[in-house]
Amino acid sequence: MEIEVQQEGDVAVAAFRGSLDRLTANEALQALTQQVLAGHAKLVADLSGLDYISSSGLRTLLSVMKDCRAKGGDFRLAGASPDVGKVLELSGFTGILKTFPTRDAAVQSFA
Amino acid sequence: MPRESILLETQATLPLVRVLAGALRGVLDEWGVPESQRSLLELALVEAATNVARHAYVERELGNVALILGREAPYLYLAVRDSGHPFDPSALPDLEEPDPEDPSTWPEGGMGIPIMRSVSEKLEYTSENGFNTLTLTVRMEET
């Protein structure tokens, strides 16, 4: 799995590529926590390149969301494929994890 | 249609859980299971087999995880078997509804169970003769 982070104004966008599961969850958590600790608590996860997510990945997303909220920011998800979107829905956390159809829409939601 | 079954078995490690999931995908593809259902069943397997890889053989010699797949229209049977410590995920209560505004209510784990429950009509667990088996009964979607 790869994560590429870009800054768009005061929002950091982390683009995921590959699978977010038990094998890659810690790596993702570290990369995103680094962003939050560096003061980028307004964070978007661009999931358009993510082809798979398991419950370990969901746990990572919730953990990052907690960190962002604790720093006065938020963590928003964008561009999830139908498969990934279905997992978010099945987990019952769509009320917590705010999702947007595109990266741009998620970034603009912070304005 | 007579019931068909396939047994796939490997060491219970996380990298090999991925391999098992890929093998499951191939079988379901061969059986004509629609793409949308294939990916959810693959996820259910990963959840169950990851539990085995992480917990079943703690403080004992690494053992195997087996996937036993069966079909008898209109049902698919997906069983995950190990010979480690018994652990019955089907007995766990549903997660409490989290409050979106209160992170202290957000779950730290146990998220795989609702996923397995939601993709199956029945989730059964047995532990006998040294083997633990979690079986998901799934109604096959029409293509």
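Start at the hairpin. Select S1(A) and S2(A): they form a hairpin with 2 residues between them. In the turn, click Gly9(A), which has a positive phi of about 65°. Strands here are DSSP runs of E with at least two residues, helices are runs of H or I with at least four residues, and both are numbered from the N terminus.

Before moving on, know what you are viewing. This is a predicted model, where local features need pLDDT of at least 70, side-chain atom pairs count only at pLDDT 80 or more, and totals for chains, interfaces and linings use all residues. Residues are numbered from 1 along each chain as its sequence is written, chains are lettered from A and ligands numbered from 1 in the order in which they are written, and side-chain values use heavy atoms, with hydrogens and water left out.

**The sheet of chain A**

Keep S1(A) and S2(A), residues 11-20, selected. They pair in the antiparallel sense over 7 bridges; two strands count as paired if DSSP finds at least two bridges between them. Find Val5(A), then look across to Ala14(A) in S2(A), which stands opposite.

Now show the whole sheet. It is open, has 5 strands in the order S1-S2-S3-S4-S5, and its pairing is mixed. Which strands are the edge strands? They are S1 (2-8) and S5 (98-100) of chain A, and each pairs on one side only. Neighbouring strands are turned by 25° against each other on average, direction ignored.

Axes are lines fitted to C-alpha atoms, for helices over the stretch in contact, and angles run from 0 to 180 degrees between N-to-C directions.

**Across to chain B**

Show both chains. 22 residues of chain A are in contact (heavy atoms within 4.5 Å) with 26 residues of chain B. Together the chains bury about 2200 Å², 66% of it on carbon and sulfur atoms. Buried area is the accessible area (1.4 Å probe) that two parts lose on being put together, summed over both. In chain A, select Arg22(A), Lys66(A) and Leu90(A): they lose the most area to chain B, together 26% of what that side buries.

How many salt bridges cross this interface? The rule finds 1. Zoom in on Arg18(B) and Asp21(A), whose side chains meet in a salt bridge at 2.9 Å, N to O. The rule asks for a side-chain nitrogen of Lys or Arg within 4 Å of a carboxyl oxygen of Asp or Glu.

Finish on H2(A), which gives the most to the side of chain A that touches chain B, with 7 residues.
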